[in-house]
Amino acid sequence: MAKKQEIYKCDICGNIVEVLHSGDGQLVCCGEDMKLFEAKTADEGKEKHVPVIEPSGEGVTVKVGSNPHPMEEKHYIEWIEITDGDIVCKQYLKPGQSPEAIFKSIKTGVTAREYCNVHGLWKS
Ligand SMILES: [Fe+2]
């Protein structure tokens, strides 16, 4: 059973979907079960992915990661998301941009996730 905010990928076509409402069914794409992403929380190796949340002005800045993550055509952070209770905000990014996002009006009690097109889903 898929749960709200879970993220699934089709290993055949590359579709990635996020669940907005839970249902009993199994998510299927290209005739196969979609794969659930388990968000990683601990960095390993030289590239850093765990989102870092810092207060900034009227809100927070989320950086990926403790050393800036590459933002190249073949390897970049596709999006950064922040959750504050029932408020969920997502910033999509493109190669060449900084691996960070500013979320105004988000202040405390937040968690962040980000998706690297090579290394998958990460959360703080
Ligand atoms: Fe990466």
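I'll start with Gln5, which is partly exposed, with 13 other C-beta atoms within 10 Å. The cut-off for exposed is 12 or fewer, and for buried 20 or more, so a count of 13 puts Gln5 in between. Gln5 lies in the segment before β1, which covers 7–9. Its phi is positive, about 75 degrees, although Gln5 is not a glycine. As background, most residues other than glycine have a negative phi, and most peptide bonds are trans. Before I go on: this is a predicted model.

There is another residue of this kind. Ser105, also not a glycine, has a positive phi near 75 degrees. Ser105 lies in the loop between β10 and β11. Is Ser105 buried or exposed? Ser105 is exposed, with 10 other C-beta atoms within 10 Å.

On the peptide bonds, one to look at is between Val64 and Gly65. That bond is cis, with omega at about -20 degrees. Gly65 is found in the loop between β7 and β8.

Now the chain as a whole. The protein chain has twelve strands and zero helices. The radius of gyration is 15 Å, close to the 14 Å that the globule rule gives for 124 residues, so the chain is as compact as a globular protein of that length. Along the principal axes, the C-alpha atoms fill a box of roughly 45 × 35 × 25 Å. Buried residues account for 21% of the 124 residues. As for contacts between residues at least 6 apart in sequence, 48% of them join residues at least 24 apart.

The chain is divided into two domains: domain 1 is 7–36, and domain 2 is 52–123. How far apart do the C-alpha centres of domain 1 and domain 2 lie? The C-alpha centres of these domains are 23 Å apart.

Next, the strand pairing. Three strands form an open sheet, in the order β6-β7-β10, with antiparallel pairing. The edges are β6 (52–56) and β10 (100–104); each has a single partner strand, so one side of each is left without a neighbour in the sheet. Ignoring direction, neighbouring strands of this sheet are turned by 25 degrees against each other on average. Within the sheet, β6 and β7 (residues 59–63) pair over five bridges in the antiparallel sense. Ser56, for one, has Gly59 in β7 as its bridge partner.

Then there is the pair β8 and β9. Strand β8 covers residues 77–84 and strand β9 residues 87–92, and they pair in the antiparallel sense over six bridges. Glu81 has Lys90 in β9 as its bridge partner. Together β8 and β9 form a hairpin with two residues between them. In the turn, Gly85 has a positive phi of about 65 degrees.

Last, the core. The largest nonpolar core has 14 residues, and those touching the most other members are Val62, Ile77, Ile80, Ile82 and Phe103. At least two residues of this core come from each of β7, β8, β10 and β11 (111–116). What is Ile80 in contact with, leaving aside its neighbours within four places in sequence? The contacts of Ile80 are Pro51, Val62, Val64, Gln91, Leu93, Ala101, Ala112 and Glu114. Val64 in that list is the residue joined to Gly65 by the cis peptide bond. That is where I'll stop.

Methods:
Residues are numbered from 1 along each chain as its sequence is written. This is a predicted model: local features need pLDDT of at least 70, side-chain atom pairs count only at pLDDT 80 or more; totals for chains, interfaces and linings use all residues. Two strands pair if DSSP finds at least two bridges between them. Helices (H or I, at least four residues) and strands (E, at least two) are DSSP runs, numbered from the N terminus. The radius of gyration is taken over C-alpha atoms; the globule rule is 2.2 Å times the number of residues to the power 0.38. Two residues are in contact if their C-beta atoms, placed from the backbone, lie within 7 Å. Axes are lines fitted to C-alpha atoms, for helices over the stretch in contact, and angles run from 0 to 180 degrees between N-to-C directions. Domain bounds come from an automatic or database domain assignment. A nonpolar core is a set of buried Ala, Val, Leu, Ile, Met, Phe, Trp, Tyr and Cys residues joined through C-beta atoms within 7 Å.
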